[in-house]
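Grab a viewer, try each one yourself, then read through the solution.

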Amino acid sequence: FTLGVKQLIVGVNKMDSTEPPYSEARFEEIKKEVSSYIKKIGYNPAAVAFVPISGWNGDNMLEVSEKMPWFKGWAIERKEGKADGKCLIEALDAILPPSRPTDKALRLPLQDVYKIGGIGTVPVGRVETGLLKPGMVVVFAPANITTEVKSVEMHHEALTEAVPGDNVGFNVKNVSVKELRRGFVAGDTKNNPPKGAADFTAQ
């Protein structure tokens with residue numbers, strides 16, 4: 001799949017400026033061409049919703065447009081089941097959320113490290129796999145620095161646990177800002193902590 005994108009919606013925009021406006025023939029022509037193109041790059045067109053829209057006028061974005069009575073709606077089939085609807089927002093709602101790899105070992109690459117007055121050292125990054133919880137003893141690779149997590153925050157709210165996809169800041173004990181840097185990876189000392197590899201398989 002293209003860059004790991006497994007689900008696709010095709011919004012055919014600017015339907016208000018076709019010749020004539022809101023032309024069914026033009027929509028079908030575009031649908032046919034784009035279908036054959038996405039099929040070549042590995043998508044199944046039957047699983048892709050095609051929605052004729054006008055962003056400018058709001059047609060078929062949130063509500064059914066009266067200007068395209070010929071459009072009976074989109075319908076998709078995939079192994080997880082079927083879905084159908086009339087508008088773009090329904091196609092967005094039909095996207096299947098990814099499974100969060102909470103069962104794997106913790107991996108949290110640092111995006112930045114801050115020093116916050118009255119709190120201390122706060123590394124920031126996104127949980128890629130596993131869980132991060134206050135009280136956990138983490139290790140930062142490759143520097144092999146071990147410390148306890150005092151608290152975990154997201155959008156200025158304390159969390160009891162952070163899951164994959166969460167962008168968090170977490171406060172660590174007795175580690176200075178100078179010791180940590182962007183690119184370090186935090187892991188759980190008790191569960192398969194990150195370590196050096198001779199080689200790895202890239203996607």
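A quick definition before we start: a residue is buried under 20% relative accessible area, exposed over 50%, and partly exposed in between, using a 1.4 Å probe and protein chains only. You're looking at a predicted model, where local features need pLDDT of at least 70, side-chain atom pairs count only at pLDDT 80 or more, and totals for chains, interfaces and linings use all residues. Residues are numbered from 1 along each chain as its sequence is written, and side-chain values use heavy atoms, with hydrogens and water left out.

**Exercise 1.** Take K14: what is its phi near, and is the residue buried or exposed?

Solution. Start with the backbone: phi of K14 is near 60°, a positive value in a residue other than glycine. (Helices are DSSP runs of H or I with at least four residues, strands are runs of E with at least two, and both are numbered from the N terminus.) Finally, K14 has 55% relative accessibility, so it counts as exposed.

**Exercise 2.** Stay with the loop between β1 (9-12) and α1 (24-40) and find the proline P20. Is the peptide bond from E19 to P20 cis or trans?

Solution. Check omega: it's near -15°, and the bond is cis.

**Exercise 3.** Now move to the loop between β7 (137-141) and β8 (145-154), where P142 sits. Work out the A141 to P142 peptide bond, then do N144.

Solution. First, omega from A141 to P142 is near 0°, a cis bond. Then turn to N144, also found between β7 and β8: its phi is near 60°, positive although the residue isn't glycine. Last, N144 counts as exposed because its relative accessibility is 61%.
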